[in-house]
Amino acid sequence: MVPPKADGVIRGLTPDRRGRVLTASSLAAAVLAALTPWGPWEISLPVDPALTRGVTAIAFDTPAWILVTLFVAAPYLLRQAHASLVVRSRACRTLQLSTRLALVVALAATLADPRIRSGDVTIDDIVVMDVSDSMSPSQRARAREQIAGLLDARERERGRDPGLVGADFGPPSRTFSSVRFGASVTIDRRQDPQQITTTPDEEGGDHSQLALALRTARHLGHPEGRSRITVFSDGQLTGAESERALFELRALTEAGAEVRVVPLEDLPARNVGITDVVFPEGLRVGQRFEARVKLRATHAGSATLSIEGAGRGQKSRQSLPIQLRAGDNEVAITALAGVGGPVAYSLQIRDIELSAGPDNIPDDDTWTEVANVSRRLQVLLISNVGRPPIKSVLDNSDLDVTILEPSAVPSEREALARYDLFILHDVPAARLDRGVQQTMTGLIDAEGTGLLMIGGPRSYGPGGWQGTPIYDALPVRVEGEKRKQTPDLALMLVLDKSGSMSSEDKLDLAKRAARGSARALEPTDQIGVIAFDSRPTVLVRLQPASARLRIRADIQRVRAGGGTNVLPALRESFLQLAGSDAKIKHVIVLSDGQSPVAGVAALVQQMRDANITVSGVGVGSGAGKALLRRIASVGAGRYYFSLDGSDVPSIFQRETREVSKNMIRESKRFARVRKYAQVLRGLRFDASPPLRGITPLSPRRSAEVLLDTTLGEPLLIRGRFGLGRTYAFASDADPRWARAWIRWYGFARFWSQVARDAARPGRDTYGDARLAVLPSESSGSWRVILDVQDGDRYRDELTCAAALIHPSVSEEPERSIPLMLVAPGRYAATIRDVAQVPTLIRATARDGDDATGAVVASATTSVPSLLSRERRGPIPGQRDAWSRAVQRAGAEIVEDPTRSWPTRTQVSEATRSIPCWRTVLWTLVIPLFLLDLAIRRACAARSGRPKKPTARA
């Protein structure tokens, strides 16, 4: 065995074992050093800080890394110094070992997080100035004076007046910065405070971006928070902005910055101002509307509110005296949409008298809003009367009224879609084609077209509207309705067909009368026809009148012949009517001869006890007048006589109407208001004359009764069907029932307001389009966003543009801006340099890439009011709440910022701790590593001979 070398570091061990022992010992020492709780090391420099530029000490926050690195790396370097295969001189080995040891020490120092302690505690001074529109001239002047005094004090603090340094103002400033905020934030940073802008007179805009200004000040200040920040503001912030500003204040104070807030209180506010104006949607030419005006007053008082509309060379003006209470107020003022197109409405508060004195904030006394007034209302009046009084009323109300008979109403959707309101004036359902009714209800449901049904003897129940499409759209049901298909009338015609009826064509006249009665009935009503001579013959068994062709044919087949006996025919009619569930059951007996009277009166009395009425019609001089009169008297009916039978058809039609009249009530009814609505404004129903009849109606569950009678019967009922508004009036608008109303002063106003309220509102939107206009970041700029869909599908292939339209003599756009596709179905653009006047924006989407393609969607809206939100007067109590919140955030409220700064003791005595591991890395570690590489290459090139391997044991 080869004995161990005497020159080993550890005698008795081979070189390999010595290496393992050294490595294990180093690792154990490193683990022990890492587990030992080491505190920061600080090495004070025993030299004048003036020679080291204020550096007083060097500190290591994690010194354990120094020991760990040295224990691991140093033994390894010592071992490697003799393990190289290249023969090197002692000088090379010593130089390389020294360089590597220095590299290890530098690396250990870098990992130990070195810092230099400096006694230089200069701080940053930052002035944050409010230049928003809410700053009054007096507030701006006071801020200018205080900022100038503050900067003069800072200049003296820098040493020009040594008597003021330190004691009053604390450490000297390093930099001076001003941050001015309004709708945007601007920065001015200087080394000399005299160069800072001290005039906050610039236009700041309609918003206070205090949160952004404080965030900017935090980044401008000292990295360790040693900043003095003075905030000049009136504290008039919106709720969201106030929360954001408090968050930034809290972040500044927690970072160690000194923050003082100077609340720039203005003169005691005596103010009333307009805060918002809301117009109803869909204004039309000639429409009187109410603008909802929101006002805020600091004190109670009185004023006059006026509204003036101007457009296309015409003007309208209304004034309203108002009483104000302290706080928020809402007032409704009536205006007239006198012209079409874009109309600018200017609202102004005048003659202000507040309990505390005159208004001292005049900026918010005016408001301007623009509205898009649509064309005149198009009304379709369906009536059997040539020119009813309501036609003249609506014509004089600036409405375009088209009057048509029911049979002349077109069934095409395109022809009816142009109307905004359908009025059915005492029209029976049978006269209006069912296909027309379906088209009308489709427009009411989907397009919002209005519906107004006016009552009368031929409307509602008497008109047979139950079960029709129009009836489903009405806000009422016929009173007493049991089920939808229940017939209102069951009519039995008992016709004499004896041989005497063949003379003078009396039987033919009776047939024609029967056919006319069948036509006059509603499809849901029932009719039966019995012909009799000495015995009855059932021509038409009691059935719905809708089977008109079969009924006509059955009536036509009767032939004259035989004797006369009415009793069996009356008994047959009684049996058939007894099985009917109709509300009204009636029999008309026609005869021209003498019939046995035995048992007839008793039978008719039984029929009357079963709520069946009987009327009699005598034809010719041979008719049994006494019997027919007796039948009519006992049966609670009417008696008619015709000498030659020529007027029998008209008698039957008159009798049919009289029977239906049992469903109406003809007596004096006085109207009264049950529920006040805007449609009834300006009308005094307590002084209105009576109506002489109504049709009994029952409101549907979702409807509202606006007018009723003094007996509690619904008179004017309003409801909705899909998008459309529907009205039902239980009386008529004709001289029959409304003779006194026609002469009443409120007749014209009542029907004009009802028609306008029921009509489809003006449409500013075409197709499935939604338009939004939002303020952009820069003043006078707006973000226009148009969303277009086709059902559930987005439209991405359209050519869209937005046009600006100003109220003027023309409706032509001022300019057009293309809208770009920014998301599925969304087109947007930013419109800049919008003039400070009310403006409409109309966005249009066309099919395809060509700007001349067909319009598939369009939307119009107004640009939001350009009145600055900052000029609307202070909110009572807002500044006090803001001051309390500032103090809770850790800032201080001061009145005079030029007085002494309450500097914290720890700030004046502290030193700066500056991390410098990057400096050590770039100035020591990397250069030493490169030097080691260079030394190694130089030594290897100089020796050039490999070293013999060491003999192993």
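**A loop residue and a helix pair**

Leaving out residues up to four places away in sequence, N565 is in contact (heavy atoms within 4.5 Å) with F532, D533, S534, S595 and P596. The model is predicted, with local features needing pLDDT of at least 70 and side-chain atom pairs counting only at pLDDT 80 or more, while totals for chains, interfaces and linings use all residues. Residues are numbered from 1 along each chain as its sequence is written, and side-chain values use heavy atoms, with hydrogens and water left out.

N565 lies in the loop between helix 12 and helix 13 (566-578); helices here are DSSP runs of H or I with at least four residues, numbered from the N terminus. The side chain of N565 reaches the backbone nitrogen of L567 at 3.4 Å. N565 is 32 residues from V597 in sequence, and their C-alpha atoms are 8.7 Å apart. Because its relative accessibility is 21%, N565 counts as partly exposed (from 20% to 50%, with buried under 20% and exposed over 50%, using a 1.4 Å probe and protein chains only).

Next, the helix pair. Helix 11 (residues 506-520) and helix 12 (residues 548-556) have axes, fitted to C-alpha atoms over the stretch in contact, that come within 10 Å and cross at roughly 165°. Helix 11 is therefore roughly antiparallel to helix 12 (an angle over 145 degrees, on a scale from 0 to 180 between N-to-C directions). On the helix 11 side, K511, A514, R515, A518 and R519 meet R548, I551, R552, I555 and Q556 of helix 12.

How values were computed:
Helices (H or I, at least four residues) and strands (E, at least two) are DSSP runs, numbered from the N terminus. Angles under 35 degrees count as roughly parallel, over 145 as roughly antiparallel, 65 to 115 as roughly perpendicular and the rest as oblique. A polar contact is a pair of N or O atoms within 3.5 Å; within protein, one must be able to donate a hydrogen and the other to accept it, and residues adjacent in sequence count only if both atoms are side-chain atoms.
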